[in-house]
Amino acid sequence: MANMIIIGKGPAGISASLYILRAGIETTIIAKDGGALEKAESIDNFYGFPQPISGKQLIQNGVEHAKRLGAHFVEDEVVGLSFDGRFVVQTANGEYKADSILLSTGSQRVRPRIKGLTEFEGMGVSYCAICDAFFYHGQHVAVLGDGEYALHEVKELIPIVGSVTLLTNGSQPKVVFPEEVQINQAKISELIGNDALEQVLLEDGTALTISGFFVAQGVAGSSDLARKIGAMTEGNKIIVNENMETNIPGLYAAGDCVGGLLQVSKAVSDGALAGTAAIRYLRGLGK
């Protein structure tokens, strides 16, 4: 039997699940929290709610609706996405396989503001360890981050590269990293190099000579996960067609992560489009 994994439990993900579940497709929704919407105190512009509703309550209503239709919820942080004949979702505590995936974790509103980061993308700066570790075989690399997402990237790099330094950019590590990883908590000033990245300059006046700089700050957003599997992105937006389909068959994206109007109503519409498209795709697999 075909199955679907939805990453994110906001309006886009839940909206898609309602269509997919009613089509009789096994659906798992993985999310750590309700994202930015959960922090909204009052929503007063959403159809069908004559009185304002909090973002937290709106999410709770959606979750209860999906559960009534049979959705399975997993409360966990997604740290990786790959493909081995089926889609593989790696979380902080496990691994899940699916025939189709919907990315709907919202949009990352904050990107690391580090001088040189954009200039060296593809020339030393990477957002995917599993994709690019091979290019740094035996070399010295750094990972930017301090949590589960950074730990996942570190573990992907250790067997391949020469050494890994964790750069927390001024924060305390939130998880325990392998002992062979050097941890530097100094703030980052700038990335420098000629034709490719060569050094990270730190605000304490020191410099770290590296060949690769892997960004894994905070939690993995939809665009981060999309890049890991080869989906096309533009900045923090995932590129989709009118049916919310990415360039990867079976991989969909919906909501704030695809850009446009950052509103609940638009996310719900995106989810409906993605959900109905995923149903057609999964039925076409003949499972």
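A residue is called buried here when its relative accessible area is under 20%, and exposed when that area is over 50%, with partly exposed in between. By that cut-off Glu153 is buried, because its relative accessible area is 1%. The structure described here is a predicted model.

Glu153 belongs to helix α4, where Tyr149, Ala150, Leu151, His152, Val154 and Leu157 are buried as well. That makes 7 of the 10 residues of α4, which spans residues 148-157, so the helix is largely enclosed by the rest of the structure.

Glu153 also has a charged partner. Its salt bridge is with Lys228, and the closest N and O atoms of the two are 3.0 Å apart. Lys228 lies in helix α5 (residues 222-228) and Glu153 in α4, so this pair ties together parts that are 75 residues apart in sequence. Lys228 counts as buried too, because its relative accessibility is 7%.

The structure holds 8 salt bridges. One of them joins Lys32 and Glu77, with 3.4 Å between the closest N and O atoms. Lys32 sits in the loop between β2 (26-31) and α2 (55-68), while Glu77 sits in the loop between β3 (72-75) and β4 (78-83), so the bridge ties together parts that are 45 residues apart in sequence.

Another salt bridge is formed by the side chains of Lys115 and Glu190, at 4.0 Å from N to O. This pair links distant parts of the chain, 75 residues apart, with Lys115 in the loop between β7 (100-103) and β8 (125-126) and Glu190 in strand β12 (residues 188-193). Lys115 is exposed, with a relative accessible area of 55%, and Glu190 counts as partly exposed at 22%.

Strands β2 and β3, which flank the loops of Lys32 and Glu77, also take part in a sheet. This open sheet is formed by 5 strands in the order β3-β2-β1-β7-β18, with parallel pairing. At its edges are β3 and β18 (251-253), each of which pairs on one side only. Neighbouring strands of the sheet are turned by 20 degrees against each other on average, direction ignored. Between β2 and β3, which run parallel, there are 4 bridges. Ile30 stands opposite Val74 in β3.

Several strands of this sheet return in the surroundings of helix α6. The cover over the buried residues of α6 includes β1 (3-7), β7 and β18, along with the helices α1 (11-22) and α2. Among those buried residues are Val264, Ala267, Asp270, Gly271, Ala274, Ala278 and Leu282. Gly286 follows α6 and has a positive phi, near 75 degrees.

Is Lys266 buried or exposed? Its relative accessible area is 18%, under the 20% cut-off, so Lys266 is buried. Leaving aside residues up to four places away in sequence, Lys266 touches Gly255, Val258, Gly259, Gly260 and Leu261.

Conventions:
Residues numbered from 1 in each chain as written. Predicted model: local features only at pLDDT ≥ 70, side-chain atom pairs only at ≥ 80, totals over all residues. Heavy atoms only, no water. Buried < 20%, exposed > 50% of the residue type's maximum accessible area, 1.4 Å probe, protein only. Helix = DSSP H or I, 4+ residues; strand = E, 2+ residues; numbered from the N terminus. Contact = heavy atoms within 4.5 Å. Pairing = 2+ DSSP bridges. Axes fitted to C-alpha atoms, helices over the stretch in contact; angles between N-to-C directions.
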